[in-house]
Amino acid sequence: MQTFDGMLLVDKPAGWSSFKVVAVVRRILSEQAGHKIKVGHAGTLDPFATGLLIILVGKACKEADRFLKLDKTYEATAILGQQSTTGDPEGEISEVSSWEPSDAEIQTALQQFRGEVTQTPPIYSAIKVGGVRAYQLARKGKEVKIQPRQVTVYQLTKVSYAYPELTLRCAVSSGTYIRSLVEDIGNALGVGAYTTALRRTHIAAWKVTDALQMAAENPSAEEIVARLQPT
């Protein structure tokens, strides 16, 4: 009986949930094998985000814990002067300020968030509160209280800035929420901010440039099998 085991690097497109990527890979490999193949992930991305996902196949699913605490690198685009109820384009957007921070003020604000920082994850997140996902409670209009946590921001640099759009490169520890980081930067500037685009480029040493493109046209089983690598 044919089976598959290993790790697959996938470049997730915007609009897809991480679970959709898992489902597509599971369906394709299961059809190829003629029986159900176990497929999981080693850390999700928000639906609006793009970039690197580690998909685990077969026996490799048992090794998910090895990957969950790895450092990650992102490129994030922030819109200054506005805020979102979800911290991203999917929420309700409201105006906060029309003041345009200078480049020097941007650099000063970024300096505050390098190194060990305290961060409160967004209520629209998969963190469990009382055994329930926070976003599920938030969508029902219930009060959600998430405890602040310590995270590490190894790198936080400006890629480009043309008000109101600020693009950042962020290398962070596991558990860091870029949406929260962007909101905190906006608050430090006094103008508000939300993340309008987010792309994960690295998980530890793995790069999105080495990943399988997961677009509307589903990859073939041959493409997926050829890219499976040992964990």
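**Cavity and pocket linings**

Colleague: Which element gives the largest share of the lining of the largest cavity?

Modeller: The model is predicted: local features need pLDDT of at least 70 and side-chain atom pairs count only at pLDDT 80 or more, whereas totals for chains, interfaces and linings use all residues. Residues are numbered from 1 along each chain as its sequence is written, and side-chain values use heavy atoms, leaving out hydrogens and water. Elements are DSSP runs numbered from the N terminus, with helices (H or I) of at least four residues and strands (E) of at least two. The largest share, 3 residues, comes from strand 7.

Colleague: What volume does the largest cavity have?

Modeller: On a 1 Å grid over the protein atoms alone, a cavity is a set of points where a 1.4 Å probe fits but cannot get out, a pocket is an open set with protein on both sides within 12 Å along at least five of seven lines, and lining residues have an atom within 4 Å of a point. Points are joined across faces, edges and corners, and a volume is the space filled by probe spheres set on them. Searching the whole structure finds 1 cavity of 30 Å³ or more. The volume of the largest cavity is about 30 Å³.

Colleague: Which residues lie nearest the centre of the largest pocket?

Modeller: The largest pocket has a volume of about 1,100 Å³, and helix 1 (18-33) and strand 4 (72-80) are among the elements that each supply at least two residues of its lining. Of its 36 lining residues, those nearest the centre are Thr-44, Leu-45, Asp-46, Ala-126 and Tyr-177.
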